[in-house]
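This report covers pockets and nonpolar cores. Please keep the structure open while reading.

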Amino acid sequence: MTEARTSTPMLEVRGMDVAYGGIRAVRQLNLHVNRGELVSLIGANGAGKSTTLRAICGLVPLAAGSIHYQGKSLAGQPVHAMVRQGLVMVPEGRGIFPQLTIEENLHMGAYTRHDKVGIVDDLDKVYERFPRLAERRKQTAGTLSGGEQQMLAMGRAILAQPQLLLLDEPTMGLAPIMVDKIFEVIQDISSQGVTILLIEQNARLALEVSQRGYVLESGELTLQGPAKDLLHDAKVRAAYLGE
Ligand code: ATP
């Protein structure tokens, strides 16, 4: 019994189809993420990566298939219920509120929580991890650089106490030095025991920090396996690593 329970994936997507109108953006997708794993989903522009993540969070409907989180179906669950269970997404574009201060944005992450002491504690931890945000806590978030906004989005996700963090292109449009910083933070969050599904166009970095990876092409998974193997795969190297 115990063995069966511990082997239940944190996230399991089975036979998922997602369509926009008549156009099928994702076809028969099977994917899982085990507890504690950092898994990457890589692919070109328009391959269906964001659609996959949005479907997992219930933001776009499934045309077929199922999604289980910690062994339970997510069908029909509102977003706040998912957040309360620790399933937290950092969307592409970050989804921060530019008119609110950094501190107010961070508090938004804790909207499903009632443990005031715990929230203050986590806020301190986020400020410790991101001193730039601490320095600017009373400033409106719209004044931050792109990289700082990404840090804010990740800080806000930390305040939601994630068990499974879904990251949609966290390094999109950032300068190389910021990309490195974001990857440091991702590894740091992962080392705290948070399970992560990472969507990235920067396939090399994503695979370097991941245990496993999936490759999505035109809505279908074409390759999957240990990240180390994918990094050495001739097709991956040619198509995604610029070699
Ligand atoms: P990118 O890195 O460019 O965001 P992606 O791999 O995340 O790419 P998706 O954004 O999931 O890809 O898009 C998959 C396909 O679905 C694309 O052909 C896209 O044009 C289409 N698509 C995405 N969102 C919508 C929408 N709201 N309505 C119609 N078609 C959409």
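The model is predicted. In the lining of the largest pocket, β6 gives the most, with four residues. β6 spans 87–90. Three helices, α3 (79–84), α4 (102–109) and α7 (146–159), each supply at least two residues to that lining as well.

The volume of this largest pocket is about 410 Å³. Its lining has 19 residues, and the closest to the centre are Val79, Val83, Val88, Met89 and Tyr111.

The second largest pocket has a volume of about 250 Å³. Helix α5 (residues 116–129) provides the largest share of its lining, four residues. Lining residues of the second largest pocket include Asp122, Lys125, Glu128 and Arg129. Ile158, Pro162, Ile189, Gln192 and Val194 also line the second largest pocket.

Now the cores. The largest nonpolar core has 51 residues. Which residues have the most contacts inside it? They are Leu133, Leu165, Ile186, Ile196 and Leu198. Take Ile186: not counting residues up to four places away in sequence, Ile186 touches Leu38, Met154, Leu167, Pro170, Ile196 and Leu198. A second core is separate and has 29 residues, among them Val18, Ala55, Tyr214 and Leu216.

How values were computed:
Residues numbered from 1 in each chain as written. Predicted model: local features only at pLDDT ≥ 70, side-chain atom pairs only at ≥ 80, totals over all residues. Heavy atoms only, no water. 1 Å grid on protein atoms, 1.4 Å probe; cavity = no way out; pocket = protein on both sides within 12 Å on 5 of 7 lines; lining within 4 Å. Points joined across faces, edges and corners; volume = space filled by probe spheres on them. Core = buried A, V, L, I, M, F, W, Y, C linked by side-chain atoms within 4.5 Å. Buried < 20%, exposed > 50% of the residue type's maximum accessible area, 1.4 Å probe, protein only. Contact = heavy atoms within 4.5 Å.
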